[in-house]
Amino acid sequence: MSVTAVRAPDSRHRFVDAAIHLFARRSFAGTSLQMIADEVGVTKSAVHHHFRTREELLTAVVEPLAAELRAAVEVAETQRSRRGRAERMLTGFIDVVIRNRVLVPVLVGDPGAIEILRSHADWSDLGERMLRLLADVDPGVGGWIKADLAVSGIACGMGMRAIELDDDVLREHLVGAGRRILGLRAPRCLR
């Protein structure tokens, strides 16, 4: 195996990590490929070797998170009852948000990032599936409003205080708030 073959995935990973860091500090719109190159300590052409545009880099940043969310949706869809599906989706979504607590606020709070995410049909479909699982607890307009509130509140709730909290404490509070918004009771095994 050549030295280039060993370094290429490592460089790509370093660019993605630098992008996450800069997106969190400066927003997607406020981050250039040159800034990412400067952060990693390479030339802009080195970044261009892996990513021609910021949009390609954003896709590389989001794909692991999308894969986690896709897995959570698929597990939730296997549950037998509407409430069981909503409960599993809520907790699965919260787990994804907690694991990606630095990135999620960027993705939901940056209009440029939102526009790019919406342009990916598979990501839009994934979001729609997730919202449907949550909204089905209360069929109709009220369910959709509650689902939107729960998802956006949880995603936007990753402010500076949340970033510093212990995962278990944060999860407990997010799950409680999400259940209240959706009108879910804690599963019997947790009462």
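The pLDDT is the predictor's confidence in each residue, on a range from 0 to 100. The model described here is a predicted one, in which local features need a pLDDT of at least 70 and side-chain atom pairs count only at pLDDT 80 or more, while totals for chains, interfaces and linings use all residues. Residues are numbered from 1 along each chain as its sequence is written, and side-chain values use heavy atoms, with hydrogens and water left out.

The mean pLDDT of the protein is 88, with 93% of residues at 70 or more. Helix 5 (residues 82-99) has the highest confidence, at a mean of 96, and helix 10 (residues 160-164) the lowest, at 73. Over residues 1-7 the pLDDT stays under 50. For this stretch the model has one contact (heavy atoms within 4.5 Å) beyond four places in sequence. Where pLDDT is low, the predicted coordinates should not be read in detail.

The protein contains 11 helices and zero strands; helices (H or I, at least four residues) and strands (E, at least two) are DSSP runs, numbered from the N terminus. The C-alpha trace spans about 55 × 35 × 35 Å along its principal axes. Of the 191 residues, 39% count as buried, where buried means under 20% relative accessible area, exposed over 50%, and partly exposed in between (1.4 Å probe, protein chains only). Among contacts with a separation of 6 or more, 65% join residues 24 or more positions apart.

Helix 7 (residues 111-119) has buried residues at Ala113, Ile116 and Leu117. Viewed down the axis of helix 7, these buried residues fall within an arc of 100 degrees, so they line one face of the helix; the arc is that of the directions from the helix axis to the C-beta atoms. Their cover includes helix 4 (54-77), helix 6 (104-109) and helix 8 (121-135). The face turned away from the buried side carries the exposed residues Pro111, Glu115, Arg118 and Ser119. At the start of helix 7, the backbone nitrogen of Gly112 has a side-chain oxygen of Asp110 within 2.9 Å.

A further local feature concerns a loop. Ser27 lies between helix 1 (3-26) and helix 2 (33-40). Its phi is near 85 degrees, a positive value in a residue other than glycine. Most residues other than glycine have a negative phi. Ser27 counts as partly exposed because its relative accessibility is 25%.

Notes
A polar contact is a pair of N or O atoms within 3.5 Å; within protein, one must be able to donate a hydrogen and the other to accept it, and residues adjacent in sequence count only if both atoms are side-chain atoms.
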